[in-house]
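Let's take a walk through a protein model together. Have the sequence and the 3D view ready.

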Amino acid sequence: MSLARQLKLDHLWLIHAIFKHRQLGLAADSLSITQSAASRKLSEIERIVGEQLFERHVKGMLPTVICEALERRTHNILLDLDDLSREVDELRRGEGGVATVGSIIGATLAYVIPAIRQLKEVSPKVTVHLNVGTSFYLLRSLVEGINDFVLARLPSSIDTTDFEIYEGRSEILNVLVSENHPLAGAGEVLLDELAGYEWVVQTNREPVLEVAEYSVTASLGLRGDTIKTTSELAMLAIVGSTSAMALLSSEVTSFLTGPSVGAKFRVLRLRGPIQIPPYHLVQLKGRQLSPAGRRLKALVMGRLGISS
């Protein structure tokens, strides 16, 4: 008899839980069963499969090659079941559904928020969860099933075989200063003219942004009184009240200096642009989105100029 006919849903949940926690006790707790019950169930699964799934080790339970193959399929099955449950609930309530998207800040302002507004105009009852963070966090949350799709950069070290990737947009970094900054009224500014001014550096940014920021500030010689903060709000407050400067994506600086916000900042006009690698629209391969998720994805793709 095939595995498909013998393995049950609770078997899949246990495989997934042990694979995630690497300890039988923690896996049992996460499923609200006793450790002895989990042990018996694991023995039953291994009897059905005909192979040992985990090797007991001092560091925990290490998955075998066969277990890793099972987990890949199990992970997708459980995600699909979660999506199905959510979709059924949406239809039962007669509501517009739920969509969850993750994005870096620049793409959020330029494309995701306008797409959400467009979706809400035609489907006002749709609930949208918007998660903003670094590309590393967004890709991890995508694998974990938190986001339907994300707009993020792809590190060179990442294995892209599990993703559907749609080419996105490049970003340019701007130098943001207060309207009272000595260079605020200048025309074209050379990097050499930035020497001697203080910088505000955000310490929890993406590595690619940190490299770009460092390449600019290091070429001028970082002043010893450079301010480092994890807070974007604190960074803006410092730039707005001092002669300090900060590097931000063009989408962010356009938002801050545009008519909708009208903050008292200025963007220095540099002779050469500071361009960084592009971000992409990424979805987990084989992931079936809810109707609301599909509609939002299509709207974001349309604004990015991506053909489906």
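Here is a short report on a helix pair and a few residues.

## About the model

This is a predicted model, where local features need pLDDT of at least 70, side-chain atom pairs count only at pLDDT 80 or more, and totals for chains, interfaces and linings use all residues. Residues are numbered from 1 along each chain as its sequence is written, and side-chain values use heavy atoms, with hydrogens and water left out.

## Two crossing helices

Helices here are DSSP runs (H or I, at least four residues), numbered from the N terminus. The axes of helix H2 (residues 9-21) and helix H4 (residues 35-49) cross at roughly 105 degrees and come within 10 Å. That makes H2 and H4 roughly perpendicular to each other (the word covers 65 to 115 degrees). Axes are lines fitted to C-alpha atoms over the stretch in contact, with angles running from 0 to 180 degrees between N-to-C directions.

## Residues in the loops

Arg22 lies in the loop between H2 and helix H3 (24-30). Phi of Arg22 is near 65 degrees, a positive value in a residue other than glycine. At 28% relative accessibility, Arg22 is partly exposed (between 20% and 50%, using a 1.4 Å probe and protein chains only).

Ser32 sits in the loop between H3 and H4, and its phi is also positive, near 60 degrees. Ser32 is exposed, at 68% relative accessible area (exposed means over 50%).

Technical notes. Parallel < 35°, antiparallel > 145°, perpendicular 65-115°, else oblique.
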